[in-house]
Amino acid sequence: MTKAVSQQIVGMNGDEAVAFAAKQANVDVVAAYPITPQTIIVERFSDYVANGEVDTQFVCVESEHSALSACVGSSLAGSRVFTATSSQGLALMHEALYLASGLRTPIVMAVVNRALSAPINIHNDHSDMMGSRDCGWIQLYAENAQEAYDLTLQAFRIGEDHSVSLPVTVNLDGFTISHAMEGVAVIDDDQVCKFVGKREPVYKLDPAKPMTFGPLTLPDYYSEFKRQQVDAMNSAPAVIRAVANEFKKISGRQYSDISAFNVEDADAAIICLGSIAGTARTVAARLRQKGKRVGVIKIWQYRPFPTIEIARLLSNLKCVGVIDRAVSFGAPYGAMCSDIASTKELTGIKTKIFNVICGLGGRDVKPTEIEGIFEKALAYANGEPIDEPVSFVGVRA
Amino acid sequence: MSAEEDKPGWTSLAMGAVLVTPGSAVRNKTGTWRLKRPILDPKKCTNCLICWIYCPEPAIVRGAETVEFNYDYCKGCGICAVECPLKAVSMTEET
């Protein structure tokens with residue numbers, strides 16, 4: 001943190017931090033339905049509404065499908081919109097996720113990542129967001145409550161930028177982040193207000209200037225609109241970078257597409273999303289003291305995937321272990337490892353990769369297990385053939 | 001349907017398939033979908049307008065003596081032929 005920036009440190013869990021960010025962003029509409037472990041976000045936000053601390057229209061709906069549908073309509077009407085969900089709730093939103101991205105409606109949604117049923121489980125993994133990976137939303141992942149707060153504020157600017165005009169999910173690990181109390185450095189309301197600005201919609205529902213939203217497009221037009229969405233996604237990294245740089249000025253905290261720890265001179269690294277990065281860095285630092293050249297790559301910006309930056313980092317590494325906290329049944333690799341494999345193929349990098357599936361349904365991933373992944377990566381880096389391209393860690397046989 | 005290459009591409013279309021100006025459906029000549037063409041026998045038509053009421057498009061145009069068909073939008077569903085009490089409409093194969 002830079003000295004010039006003075007911020008209040010407030011004790012908040014991840015959910016509270018997200019709700020606080022949405023409050024400061026002065027959202028016009030929140031339509032949401034409670035689901036563990038996201039519930040605290042909408043509870044806190046409804047407190048703000050009830051206390052008159054915001055003038056947000058809070059729409060109580062009967063399901064997540066309705067929640068996101070109301071958000072799409074509100075965004076089309078030109079509002080700044082926020083919602084939050086988890087797991088089954090995200091799954092129930094699935095079709096509306098594609099409406100939001102296809103209609104190019106900026107919406108910020110906190111996804112408090114939780115495993116999908118069955119068997120029913122309320123704890124963290126990434127199967128909910130990975131199940132909707134291709135929904136056309138920008139997908140950011142936080143490591144802790146501070147990042148959840150920071151990314152939520154930035155998400156409004158990113159999604160509402162006219163060259164992007166896409167919905168954004170801010171992912172935070174269920175319970176590990178959502179329910180864990182932290183000291184969160186919060187920015188002054190005035191500064192946040194200036195930073196997020198006012199939403200200026202590209203098109204909006206307006207009786208004075210009638211337009212048609214969501215018309216039928218047949219085979220002669222549909223492809224063109226999908227191609228536009230790809231272009232919007234391609235425009236996002238530059239916007240995300242610009243917003244991150246501007247955010248640094250008011251927060252002192254620098255964001256990017258990825259965060260690299262001890263990677264530049266490493267032989268092996270772990271690539272991961274979310275809260276597990278903290279454990280991975282701690283273990284990596286410990287191994288460094290023993291002379292082992294290992295690092296950690298944490299991905300903040302999962303969609304659009306930071307292919308170029310990953311390729312740059314991979315090119316200096318001999319081996320990477322990719323952690324997926326979701327299973328892609330029947331696929332050669334888990335979802336994120338598939339992206340890393342694609343990055344290798346596209347850029348011609350020879351770095352060895354292997355995939356570790358762990359931490360499903362809230363299963364704790366212990367430092368000793370992370371150390372095991374590093375040791376395996378180092379062994380592969382030193383020439384051992386990859387005997388297990390995909391393995392489960394921490395699962396009883 | 002006009003050739004695909006005559007239509008605007010992704011770089012010029014409004015984002016999200018928004019139709020920025022109203023009334024664009026007029027340009028979509030759905031008559032190209034038609035397989036059977038309704039033909040009126042003007043001698044039988046009494047201008048009762050039952051076909052005009054039933055036509056879902058509406059592609060029946062009111063005239064002074066008889067109705068007429070708007071073939072730009074008539075999809076050839078044949079409801080007019082079925083509903084006409086005087087059998088003044090017959091459906092013929094489009095060629």
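Select domain 1 of chain A and domain 2 of chain A: 27 residues of domain 1 are in contact with 19 residues of domain 2, two residues being in contact if their C-beta atoms, placed from the backbone, lie within 7 Å. On the domain 1 side, helix H6 (127-131), strand E6 (138-141), strand E7 (168-173) and helix H9 (222-251) of chain A each supply at least two residues. Helices (H or I, at least four residues) and strands (E, at least two) are DSSP runs, numbered from the N terminus. H9(A) gives the most to this side, with five residues. The side of domain 1 that touches domain 2 divides into 13 nonpolar, ten polar and four charged residues; Ala, Val, Leu, Ile, Met, Phe, Trp, Tyr, Cys and Pro count as nonpolar, Asp, Glu, Lys and Arg as charged, and the others, Gly among them, as polar.

The structure is a predicted model, in which local features need pLDDT of at least 70 and side-chain atom pairs count only at pLDDT 80 or more, while totals for chains, interfaces and linings use all residues. Residues are numbered from 1 along each chain as its sequence is written, and chains are lettered from A and ligands numbered from 1 in the order in which they are written.

Next, colour chain A by domain, with 8-251 as domain 1 and 258-392 as domain 2; these bounds come from an automatic or database domain assignment. The C-alpha centres of the two domains lie 28 Å apart.

Now display the largest nonpolar core, which has 125 residues. Such a core is a set of buried Ala, Val, Leu, Ile, Met, Phe, Trp, Tyr and Cys residues joined through C-beta atoms within 7 Å, where buried requires 20 or more other C-beta atoms within 10 Å of the residue's own. Val18(A), Val170(A), Ala268(A), Ala269(A), Val320(A) and Phe374(A) have the most contacts inside this core. Its largest share, eight residues, comes from helix H7 (residues 145-160) of chain A. Both domains of chain A give residues to this core, so it lies between them.

Centre on Val18(A): leaving aside neighbours within four places in sequence, its contacts include Ile41(A), Ala84(A), Tyr149(A) and Val170(A).

Move to H10(A) and H13(A). Thr279(A), Ala280(A), Thr282(A), Val283(A), Ala284(A) and Leu287(A) in H10(A) meet Pro367(A), Ile370(A), Glu371(A) and Phe374(A) in H13(A). The residues of this contact divide into seven nonpolar, two polar and one charged.

Finally, show both chains: their contact takes 17 residues from chain A and 13 residues from chain B. The chain B side comprises nine nonpolar, two polar and two charged residues.

How values were computed:
Buried ≥ 20, exposed ≤ 12 C-beta atoms within 10 Å, placed from the backbone.
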